[in-house]
Structure formats: structure tokens, C-alpha cells
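Morning, everyone. Please have a look at the model on the screen, and then I'll walk you through a few spots.

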Amino acid sequence: MTNKPILIQHANELITVAGGSEKPLTKDQMNDLHIILDGALWLEDGKIEAVGKTEEIRNKFSHRLHEAIVVDASEKIVMPGLIDPHTHIVYAGSRENEFNMRLNGATYMEIMNNGGGIHATTSKTREATHEELFSESKKRLDSFLKHGVTTIEAKSGYGLDWQTEKKQLEVAKQLNEEHVIDVIRTFMGAHAVPAIYKDNPDEFVKIVTEEMLPNVANENLAEFNDVFCERGVFTPDQSRKILLAGKQLGLIPKIHADEIEPYEGAELAAEVGAISADHLLKASDKGIQQMAEKGVIGVLLPGTAFFLMAESARGRKMIDEGVPVALSTDCNPGSSPTTSLPFIMNLACMKMGMTPAEAITACTINAAHAINRGKDIGSLEVGKKADIVMMNVPNYMQLPYHYGMNHTDMVIKNGKIVLENGQLC
């Protein structure tokens, strides 16, 4: 680690994704990456000090070149550090047995209703110590970093009781403090209805709204509040109560919406002013329209649809209708056990009709807005945090084109090189 300034020069393509710091990009804006050929960046004190062509930046700082670490980005692309706005990285255990069950015809909800799914991970997470959860989750964060991710969101939701929910959030807080990746916390006590409340889910909703949420707010354990609005989980009315209760306590609403079947989740997101609605595989035309009108970000998770062998969300339609779209891995042990956001970009193109440029926008500036960080990260602009990734491809089109491969060559976080030649520093 060093506090020296860094000059990144001769980037084949410097992908700035400029112009979306105030609000997420929509429609045609998502295709304009604001690329600078033979681009350069000057980084200092953890911030981006200058952006432009290599000759321009070298001339501007000619008197200080001897001070700087010089990074040659010839034949490579340089872009904002990738941002994953929807993960469940803090958990214990593994569920590869369910993968085999699905291959033999069992559905996600059938497995969950028979004690598997979220409930299986909940049991393992309750049993795990804080130290065990931290160790497992740190390995996943390291893998995210190796794939170019510099900021992620992390949800609780594998406790379904206060003790374990708090433990998950405290692990996420420690990860944020000790790992180079920034970890933004979301409370999701309403991830499923515990078995003991199966016949009285309203009682659990009451516990979430009257006990858990006030504790989260009072102890400053999370910034966002999420709920799984789905038939057989939480109804729209129950979800509304949970989201509004959190909102009154200062927690920003998010919602798992319309994943398995149409259930008015997108409409509810627009109604309560959620910052994002996530999944949306079965979102209605009306819900998509209302999200566009209210500026609700659609966080799409094509890896989940891929792994569950389901039809993907209608990403093309959402973008065309004016919904600001972001992408995420949904990293979790059951429905999307991946840490590769570049692979998610490929799926977005192949399965949802998005262009490579739209996929990059969705993993940078729009993803930043989905976690309320658009003014600080997500684009390469003067004054923003120096969170940068260099990919070993000559143009951005090759990023999703060479699928299933990790092209990450260098990651700079807060102005410091934390991964070089694909290896953690």
C-alpha cells in the first residue's frame, strides 16, 4: 500500500460512464459509456483528480510525474469498479444437494416449503459463530474483488430471529471495516416466515415491525430494509407494513418483487417509494410502467433465473419503458452461488436482450444508485472515489463476448492498488 499518486495511462478505452451522478441513467443514456480513447486518469488522496486523454493528463501533471506510480493500460480497458447492489454473502453452509433436486424436477418453492431453501441456510447460519460467518464471507468477498467488484450490498435474512439477524449485520459491518471492498448493509428479517409462525405469519410481521426494525435503527445496523414479497412468503399487505415501518425509522425500502409469479411487487415498490425492486422475473406491464414513472431502479438478477432454469426478467422491455436498470449476482447459497459480475453481464445480454454498454452501465453507475451511492462511485469523474478496474481486453464489447472468463487485471480501491496481475496485493 502507498499514498503516492497514480497515473493510469494509454487505456485503449477509458470507460467513464459519465453524466449519471445525480440520477440513474435510463433508455438511450444507458448505451452512452462516454469512452475516451487512449485515456488516462490521475488519482490522488483516494479520489479521481483528472480524467482525459493520455497526452493531456501527462502534460497537466508533467511536473509531478516523478512522484507517481505509472500504470500502463495499453490494449486494456479501464472502467469504474464494479458494484453489486444485491447479495446475501453472510451465511453458513452450502446447498448443492438442492441443485440436484431441481435437476430432478423439484421447484424452488417446493424445496423451501419442505424445509430446504432459505430455511436450510437459516439453520446453518444460526449455528455458526460470528467468527465462522466472518471467515466464510471474507472468502466470498475476496472472490468478488478478483472479479473487479469494489462495492457490494449485503443482506441479512438467514436468521429470522433477532439474535441471528443481528449477528449477520455485525459480520457485514466488520467485513466493511476490515476488507477493502465497501459493504453496504440491508436488513432483511422478512426473508421468509419461520416454521413456528407458519400458521400465524402476521405475528411474525408484528415481531419484525415492532421489535426487529426498531433495534436495527437504534443500533444503526443497516441502511436499507428489504422484504420477500411473494405468494407463500409475505403478501403485498404484509410487505407494505414492513417497508413502511422501516421507512418511518429512516431505513430505505427495497423489495424482492415478482420473482416466482406476478404478485404486485413492482407496483408496491412504486407505491412506497422503494429505491429498488429486485428480481422482477414476473413483473406486470403495469408494475414496470409505475416503476418507470416513480424512478424505482430495477435490480435484475439473471444468474438466479439461469441457475433456477427459469425465464429471465424482461430487461429489454424495462429499459425501453424507462426503468433505470441495474444488475447483480444475487450471490447466495441456493439460487445463485456465484461471485462473477462479469458473467452476469453476459447473461444480461444473452438472456434479457441488453447491449454490452447497457450491461456495463447497469453494473456501475446504476448499481451505485441502487445503494444510494451515485454521487460517490460508479463513474470515472473528477472528485469521485478512485475505485477502478482494469480489464485485460482491448474493448468493452469483449467483456461479455468472452463469457465465463475473468478478465480482471488490476483493481484500485480508494486510490490504492489492491489487486495486480489478477492477484490480491
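Contact, in what follows, means heavy atoms within 4.5 Å. And keep in mind that this is a predicted model.

Let's start with one serine. S276 sits in strand β11, which covers residues 276-279. Is S276 buried or exposed? The relative accessible area of S276 is 0%, and the cut-off for buried is under 20%, so S276 is buried. What does S276 touch, leaving aside its neighbours within four places in sequence? The partners of S276 are P253, K254, I255, V296, I297 and V299. There is also a polar contact, 2.8 Å, between the side chains of S276 and D278.

Now the helices. Two packed helices are described by the angle between their axes and the distance between the axes.

First pair: α6, residues 162-178, and α7, residues 201-218. Their axes come within 11 Å and cross at roughly 25°. Angles under 35 degrees count as roughly parallel, so α6 is roughly parallel to α7. The crossing is right-handed. On α6, the contact uses W162, E165 and L169; on α7, it uses M212, N215 and V216. By class, that is 4 nonpolar, 1 polar and 1 charged.

Next pair: α7 again, now with α8, residues 236-248. Here the axes are 10 Å apart, at an angle of about 5°. That makes α7 roughly parallel to α8. From α7 come P201, D202, V205, V208, T209 and L213. From α8 come Q238, K241, I242, A245 and G246. This contact of α7 with α8 has 6 nonpolar, 3 polar and 2 charged residues.

That's my tour. Over to you.

Definitions and conventions: Residues numbered from 1 in each chain as written. Predicted model: local features only at pLDDT ≥ 70, side-chain atom pairs only at ≥ 80, totals over all residues. Heavy atoms only, no water. Axes fitted to C-alpha atoms, helices over the stretch in contact; angles between N-to-C directions. Helix = DSSP H or I, 4+ residues; strand = E, 2+ residues; numbered from the N terminus. Parallel < 35°, antiparallel > 145°, perpendicular 65-115°, else oblique. Left-handed = near helix turned anticlockwise from the far one by under 90°. Nonpolar A, V, L, I, M, F, W, Y, C, P; charged D, E, K, R; others polar. Buried < 20%, exposed > 50% of the residue type's maximum accessible area, 1.4 Å probe, protein only. Polar contact = N/O pair within 3.5 Å; in protein donor to acceptor, adjacent residues only side chain to side chain.
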